[in-house]
Each structure stands twice: as structure tokens, then as C-alpha cells.
Amino acid sequence: MKIGLVMNVKLLKNLAFLGLLSFSVFPSFALSKIIPDGTIPYNMGVQLKGDTDGPEDLDRVQELGMKWVRRGFIWESIEREKGVYDFSQYDRFVNDCEKRGLKIIGCMAFSNKLYGHVKDEPARSAYADFAAELVKHYKGRNIIWEIWNEPNTMTFWGRHGKVGNSPQYAREYTDLVRAAVPAMKKANPDCVILAGSVSNMWSESYKWMSYCFADGMLDIHWDIWSVHPYGVKAPEDYMEAYSHTRNLMKKAGGDTGRLWINSERGFPLGKAEGYAGGDPSLAYEYQAWHVIRQYLVDLLEGLPVTIWYEWGGKEGFALYRAGNMTPAYNACKTFVKELSGYKLDCRMKTENKRDFLLRFIDKNGNEKLVAWTAPGVMESPDKIVPHSIRIAVGDVSPRLVSTDLYGRTDIVEVSKGVIELCLTGAPVYITLR
């Protein structure tokens, strides 16, 4: 580590994928094989649905440089008759992803009308059997398995309770994880399991996680905790949210050294879950800022995979919309072009804690900076105040190339080993060496 630079050291074990710590912290060899080592773009993924998971869309996802996709594996569509499993529709999808080098987060969802709700028996055991059949059928494939989607919410867990995020919902979900994980590990000891899939990072979801931890969630042998950090305004707000959640884990005891994944988060164009606010006329621009900053902040926080919600669709989150590449799509294209093959080295010190200077290095020793500024905690993007900062870059060429969010280049003059940059909410790339 260079003098004057600081690494984010929250949850050190989560930084093993950056090559800064040994893989010995991982609970299994299978996990170390499938989880990326921090080299961009192997952290990048998108959410797919049934109408956006065909070969043409997968080709576009691959061409953009993404390495992960998340998709539901729906229980009712696989087990239509008790004890009879038909994987054919998902075999096509898995094969198509494999041909394109795409890894999969398979979300195992939801209850099955043959058995009833998984909060009760016999449905809970039947779900565990279904999950075991999944991991056995797809053994050796590049898939990690997520137990449910947003089980803390009434939308996805059910309306049998008065409110979501309740002790009841936490107990019911923890019981499901407690039943499913041993069955999955018995069927395929190398399977990699995500638990949590928590929607929102706010007071009520923190309570729900605390209830889960108190019920013994941390003592179950799943591999990765998954979060959906809606409920905050900007990707930089994740840092406080993740820190708070880690403190909840620490307070509860148990094994807190496992990896995390952001398995779903998008920033919509208009008022929907995750809306950041700001000037509506700049909604597409803000979305482009946020998709890149989300991938960067999660890397900084030690999360090896981030899934943007979503690839297509009509909800205002889509990267690819009706045959058109959005500004966010083009920002991703620039991100991959500029940083492909690079790993995060460190965050440089700044006077303003909401200014971000990240140094990236590739295997040949080439160095780049990525620089931007963020609004205050829980503030909308229009609250960002562009401002100039001076950055010591040392003995480099007197003229450096800068690249903006969409790939346009400019020249930055170096004076006595220092450059001056104007920071905005749009990340800029500076080639140092």
C-alpha cells in the first residue's frame, strides 16, 4: 500500500477476492472457484426475466462485457407433479449462458400450490427437496443459488402477517434456510448458497435481519449474504447501510466473515422503488451515474458481485430498452473498456469524505484513477455541487488522458506532479501510467 493511500478495511475477510487476503477465509473450494478475484468486469451482472433471457439478449449482455446474470428458477414451473422435476426450460437457459461465459445467480422461488406456503410443513421440506434437486441437477455448472427473493416483504413472502419485516417473517424464513441448506449441501457439497436477499436497507429491514440473526441465521452453513440495497438515495449511502448491517451481525455473534453480494439494485427513471430524485429532465443521466458508481462502491466495500436491476423491461430500470442502448448502457460500455483487466488497489484520501478517488492497477502495472463526487447522505443527485480538487499523481507524463462517462477523451495537464479535476456525479477515468 502506498503512503498517503487508504484501503477500506470494513470486513477484511470480504477483501480476499481482491487478492489482498488468502482464500483460506472461504468456507469451500467451490466458492473460491466461482467468485471473481476482483478483476473488472467479472464483478458485473444484470437481472433477467422470462421475456429477456433468450439468446439474443444473452448475446447483448455478453457483448456489453457483463459476466453475471440473475434469474428466477420458479419451483412451480419445475415441479408440476409431486416428486417429478422437469428442468428442460432452464436447461436451455443454463446452456446458453455457459456458451457465452456467463455465470448465474439462480433465485429459487417461490411456494408451490401442490404443497402450500413454505412457512409450514410439508411445503418447507418439499422446498428443501426441490432445492436439493436443483443443485444436484446443475452440479458443476457456474451457478450460485439464492434462497428466495426479498423474504422480508409481504410482496414476496406473503400476506399472512399484518406487516412485513416482522419477527414472524424472520422466523419463518430462517426455518426455511435451516431446512434447505443441509439438504442442498448433502445433494451437492460444492454448491454455493446465498441467504438473505433482503429488500431495502432501512430501519425495518435492519430489524428483520436482527430477528433472523437472533433466530440462528448466522449459525446455518450458507455461503454468502445477499442484499438489495434499495431505500437509500445514492450508491455511496450503501457504505453506511453495510456498516450498520455488519454491526448487527457482530452484535448477534456467530460467523460474520462470509462474503456479501448485492444481488439486485437498480435506479429507476421515475418514482418507483429506489428512485433517487432530482431533476426529472436529467433522469437518464443520473441513472448512468448510478450504475457505474454502484459497481465501484460495491467493489470498495468488498462485494465481489453486483447485479443491476434490470437488463430489459418497462419499469424504467432497463439498460437495454426496445432495441435502444440507454445512457446507462453506454456508461457500462465505457466502464468495461476503460477498466477491463484492472483491479481496485485503494481509495485515495480526500478532504471531502463524499469525494471518491479510486486507484486501479492491472497485471502489467498500468494505473488509472476513477474520480467523482456524491451528494450528502440520503440526498438526491441534484444536490451535488461540482467542484475542483488537486490530486498528487507523482512522476507521470506531463499530459494525461481523461475519459468521461461515455468515452469522450480530453487532456489533463500535470503541473509539478499535480493535476486539477472538476468532480461531478459522473465518474471520470484518468490514465496515469
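Reply: Asp53 and Arg71 form a salt bridge, with N and O 2.8 Å apart. Asp53 sits in the loop between strand 2 (44–47) and helix 2 (55–64), and Arg71 in strand 3 (residues 68–74), so the bridge ties together parts 18 residues apart in sequence. Both partners, Asp53 and Arg71, are buried. Keep in mind that this is a predicted model.

A second bridge joins Arg100 to Asp59, and here the closest N and O atoms are 2.7 Å apart. Arg100 belongs to the loop between helix 4 (88–99) and strand 4 (103–109), while Asp59 belongs to helix 2, so this pair connects parts 41 residues apart in sequence. Arg100 counts as buried at 15% relative accessibility, because the cut-off for buried is under 20%. Asp59, at 30%, counts as partly exposed.

Next comes Glu98 with Arg141, a salt bridge of 2.9 Å from N to O. Glu98 is in helix 4 and Arg141 in the loop between helix 5 (123–137) and strand 5 (143–147), so the pair ties together parts 43 residues apart in sequence. Glu98 is partly exposed, at 41% relative accessibility. Arg141 is partly exposed too, with a relative accessible area of 24%. Some bridges share partners: Asp53, Arg71, Arg92 and Asp96 are joined into one network this way. The count for the model is 27 salt bridges.

Now the aromatic rings. A pair of aromatic rings is described by the distance between centres and the angle between planes. The search of the whole structure gives 29 aromatic pairs. Phe110 and Trp148 make one of them, edge-to-face, with centres 5.4 Å apart and planes at 75 degrees. This pair links distant parts of the chain. Phe110 lies in the loop between strand 4 and helix 5, and Trp148 in the loop between strand 5 and helix 6 (154–157), 38 residues apart. Phe110 is partly exposed, with a relative accessible area of 27%. Trp148 is buried, at 1%.

Trp148 also pairs with Tyr127. That pair is tilted: 5.8 Å from centre to centre, with 50 degrees between the planes. The angle falls between the 30 and 60 degree limits, so the pair is neither stacked nor edge-to-face. Tyr127 is in helix 5, and it is 21 residues from Trp148, which lies in the loop between strand 5 and helix 6. Tyr127 and Trp148 are both buried. Phe110, Tyr127 and Trp148 belong to one aromatic cluster, whose other members include Trp75, Tyr115, Phe130, Phe156, Trp157, Tyr173 and Trp208.

Setting aside residues up to four places away in sequence, Ile147 touches Tyr127 and Tyr173, along with Met108, Leu176, Val177, Ala180, Val181, Met184, Ile193 and Leu194. In soluble globular proteins, nonpolar side chains tend to be buried together. The largest nonpolar core here has 103 residues. Ile147, Trp225 and Leu319 have the most contacts inside this core. Helix 10 (residues 283–300) gives the most to the core, with ten residues. Apart from it lies another core of 17 residues, including Ala371, Ile389, Leu421 and Ile430.

Last, the cysteines. The structure holds zero disulfides. The sulfur of Cys97 is 15 Å from the closest cysteine sulfur, that of Cys107, which is too far for a bond because a disulfide needs sulfur atoms within 2.5 Å. Cys97 is buried, with a relative accessible area of 0%. Cys107 counts as buried as well, at 4% relative accessibility.

Definitions and conventions
Residues are numbered from 1 along each chain as its sequence is written. This is a predicted model: local features need pLDDT of at least 70, side-chain atom pairs count only at pLDDT 80 or more; totals for chains, interfaces and linings use all residues. Side-chain values use heavy atoms; hydrogens and water are left out. A salt bridge is a side-chain nitrogen of Lys or Arg within 4 Å of a carboxyl oxygen of Asp or Glu. Helices (H or I, at least four residues) and strands (E, at least two) are DSSP runs, numbered from the N terminus. Buried means under 20% relative accessible area, exposed over 50%, partly exposed in between (1.4 Å probe, protein chains only). A nonpolar core is a set of buried Ala, Val, Leu, Ile, Met, Phe, Trp, Tyr and Cys residues joined through side-chain atoms within 4.5 Å. Contact means heavy atoms within 4.5 Å. Rings of Phe, Tyr and Trp (its six-membered ring) pair if their centres lie within 6.5 Å; planes under 30 degrees apart count as stacked, over 60 as edge-to-face and the rest as tilted.
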